[in-house]
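The following note sets out some points on the ligand site and on one residue beside it. Please read the points with the structure in view.

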Amino acid sequence: MPLRAVVYTSERSEGVTGEQAFRLAADAERFNRLAGVTGVLLSDGQRFLQYFEGPEDGVSAVYARVQAS
Ligand SMILES: Cc1cc2nc3c(=O)[nH]c(=O)nc-3n(C[C@H](O)[C@H](O)[C@H](O)COP(=O)(O)O)c2cc1C
């Protein structure tokens with residue numbers, strides 16, 4: 001089965017603490033697992049770099065959630 005992968009960088013919004021943003025992302029781990037998606041999230045509390053990979057439908061679903069957040 002072909003794998004898809006996404007890598008992106010983003011910055012935390014004003015009014016959201018680094019802790020809150022990281023927790024939001026970490027909580028999404030359960031969704032990723034159900035979608036067959038795995039990867040890594042790096043943060044310095046202000047900026048994020050995330051890489052994830054998996055089947056096309058799972059990666060599309062996760063990326064849509066990231067874009068909506
Ligand atoms: C930096 C960052 C990384 C994120 N990574 C993921 C992710 O890997 N998987 C995912 O499903 N959502 C990810 N999200 C999206 C949010 O976690 C998601 O919108 C949140 O869990 C709320 O979803 P709900 O309102 O549908 O419950 C990320 C959000 C941010 C800000």
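1. A residue is taken as near a molecule if one of its heavy atoms lies within 4 Å of it. Around the ligand one finds Tyr8, Leu24, Ala25, Ala28, Phe31, Asn32, Phe48, Gln50, Val62, Arg65, Val66 and Ser69.

2. This is a predicted model, in which local features need pLDDT of at least 70, side-chain atom pairs count only at pLDDT 80 or more, and totals for chains, interfaces and linings use all residues. Residues are numbered from 1 along each chain as its sequence is written, and side-chain values use heavy atoms, with hydrogens and water left out.

3. The protein buries 71% of the 640 Å² that the ligand exposes when taken alone (Shrake-Rupley method, 1.4 Å probe).

4. Helix 3 supplies three residues, the largest share of the shell around the ligand. Helices are DSSP runs of H or I with at least four residues, and strands are runs of E with at least two, numbered from the N terminus.

5. Gln50 belongs to strand 3 (residues 47–54). Is Gln50 buried or exposed? Gln50 counts as buried because its relative accessibility is 12%, where buried means under 20%, exposed over 50% and partly exposed in between (1.4 Å probe, protein chains only). The Gln50 side chain also makes a polar contact with that of Tyr8, at 2.5 Å; such a contact is a pair of N or O atoms within 3.5 Å, and within protein one must be able to donate a hydrogen and the other to accept it, while residues adjacent in sequence count only if both atoms are side-chain atoms.
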